[in-house]
Amino acid sequence: MQQGTGDQELLRQLQRGEESAIEAVFRQHYAWVCRSVLRIIPDEGIAEDIAQDVFYELYRKRRDLNIQSSLKAYLRRAAVNRALNHLRDQKIRFAEEDAAPVQESYLAGAQQLIEAEQLQSRIDQAIDGLPARCRVIFVLSRFEELSYKEIAEHLDISPKTVENQIAKALRLLREALAAYLPALLLLLKAAQ
Amino acid sequence: MDKHDQEIWRAIEGYKSGFQPNTEAAWQKMRTRMAADEAAAPVRSLHRFWLRAAAAIVLGIGAFWAWEASTASEMAYATGPGESLSVELPDGTQAWLNQNSSLAFKSEEGARRALFSGEAFFQVAKDKERPFLIVSKGTETRVLGTAFNLRAYPEEPTVEVEVAEGKVRLSEPENGKAVELTPFEKGTYNANEGVLGKKQAPNLNGLAWRTGKLSFRQTPLSTVLTDLERFYGVDILLTDAALSHCTLTSTFEGEALEEVFLVLSTIFEFKLDSSAGQYVLKGGRCNGKELTQ
């Protein structure tokens, strides 16, 4: 995670209690914090509420902030913690539910020219379609850069379970996205 | 992780990247929460509030050295965009805050002191021993017990006081200027020009944001349009300047702006155009009487 050059200075202003700093931080980071939360809780309304709470807490605690890492890392951690707490509060049990049927019908589309946007929604659908516990574990590892050990502690499960769930997620995603994989990889290459 | 897993791992890079939240709307919500926070926890955040108020108001520094020293009772309130707030201060004074306003209050021996930014209607409790002093944007408003509207937004060049009851003294301490205002008078201090003056305000339309009522009695159209602009938060252009002296007698209460324009168009016979967020009044004549150049 790269530290934006302006972030250090923003952080100092924030800690000095300069109110314009909270606005700058909010405008710069709100959108991606929303997306981080949304990956854990696939509900846009809830994701925005939680993201807002992340910044509100930052604002309230700004005088006592002790951010060792980067502002971005701090926001990411706060977002992940809040999202997981929300799941816990909602008593969303990560039962070993049956895997949602993987979208096999998409195989037919392989021959078609697929727009980037459609590919995007295929990814969203495939990951959203994973079993709930499997999905959260996978997302924390893939997108929030948490270690197996950290994920295990967060969710009160064993690191071995984490590893198994990630392997399972990859297998299910491979099935769901088989038809699109060449296009997705091509797109990634083009974007680089 | 084998090669295929690595491919998948990379391929899903864009998960949820299509979600574009409305940052502007979210920020407005955040601001409101922050303002509500200040209002709800007045004492704790008070010192920061002084600093902020001081910065925002650009006050005459000299008058405020004494400010930090004493404490008897301290309160601070704030409103965000689209909010209003009615508060009762410890001395019994009522204040109705319009949007984007902040008020800090401190009760001392010998005086009641307030720092203010934004717009509010004050109904000041009578206390002959302790005048009520409000500092905003380099001006001081001094009263004993009155009702008046004070408008002092940082982004506007003026401070305006419109008096409904009693006597109000509006001064600019730095240059020792002052005006005494009585009911139906409006005092204006223009910070850019350093000019302090007063004029009649027979209709007290400065209070309309709170009462919801705009009245005009033989009021020049230029004044009518200014009052409408402020009340409805719009921009109105009168293309024929000669019409600005036409007068209007009418009262609006609860009408939508479109209805007001309908009334005006009927009386003055102009055409209404609205484009680029501005209302343009074209042509027209004074109260049915043909204008002669």
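In this predicted model, B:Glu13 and A:Arg142 form a salt bridge, with their closest N and O atoms 3.0 Å apart. That pair belongs to the interface of chain A and chain B, for which the count is five salt bridges. Polar contacts have also been counted there: 14 residue pairs, both partners at pLDDT 80 or more, are found across the interface.

Which helices of chain A supply at least two residues each to the side that touches chain B? They are H2 (19–40), H3 (44–60), H5 (116–128), H6 (132–142), H8 (159–177) and H9 (181–191). H2(A) gives the most, with eleven residues. Sorted by class, this side of chain A has 23 nonpolar, three polar and 17 charged residues. In total, 43 residues of chain A and 32 residues of chain B take part in the contact. The two chains bury about 3,900 Å² between them, and carbon and sulfur atoms account for 62% of that area.

Now turn to chain B itself. An open sheet of three strands is found here, in the order E15-E18-E17 and with mixed pairing. Strand E15 (235–238) and strand E17 (271–275) of chain B are the edge strands, each pairing on one side only. From one strand to the next, the twist averages 20 degrees. Helix H5 (residues 221–232) of chain B packs on this sheet and touches E15 and E18 of chain B; the direction of H5 makes about 160 degrees with that of E15(B). Helix H6 (residues 257–268) of chain B lies across E15, E17 and E18 of chain B and runs at about 10 degrees to E18(B).

How do E15(B) and E18(B) run relative to each other, parallel or antiparallel? E15(B) and strand E18 (residues 278–282) of chain B run parallel, joined by four bridges. Within this pairing, B:Leu238 stands opposite B:Leu281 in E18(B). In a regular strand, side chains alternate between the two faces of the sheet.

Elsewhere in chain B, strand E2 (residues 85–88) and strand E3 (residues 94–97) pair in the antiparallel sense over four bridges. Here B:Leu85 stands opposite B:Leu97 in E3(B). E2(B) and E3(B) form a hairpin, with five residues between the strands. In the turn of that hairpin, B:Gly92 has a positive phi of about 95 degrees.

Notes. Residues are numbered from 1 along each chain as its sequence is written. Chains are lettered from A and ligands numbered from 1 in the order in which they are written. This is a predicted model: local features need pLDDT of at least 70, side-chain atom pairs count only at pLDDT 80 or more; totals for chains, interfaces and linings use all residues. Side-chain values use heavy atoms; hydrogens and water are left out. Two strands pair if DSSP finds at least two bridges between them. Axes are lines fitted to C-alpha atoms, for helices over the stretch in contact, and angles run from 0 to 180 degrees between N-to-C directions. Contact means heavy atoms within 4.5 Å. Buried area is the accessible area (1.4 Å probe) that two parts lose on being put together, summed over both. A salt bridge is a side-chain nitrogen of Lys or Arg within 4 Å of a carboxyl oxygen of Asp or Glu. A polar contact is a pair of N or O atoms within 3.5 Å; within protein, one must be able to donate a hydrogen and the other to accept it, and residues adjacent in sequence count only if both atoms are side-chain atoms. Ala, Val, Leu, Ile, Met, Phe, Trp, Tyr, Cys and Pro count as nonpolar, Asp, Glu, Lys and Arg as charged, and the others, Gly among them, as polar.
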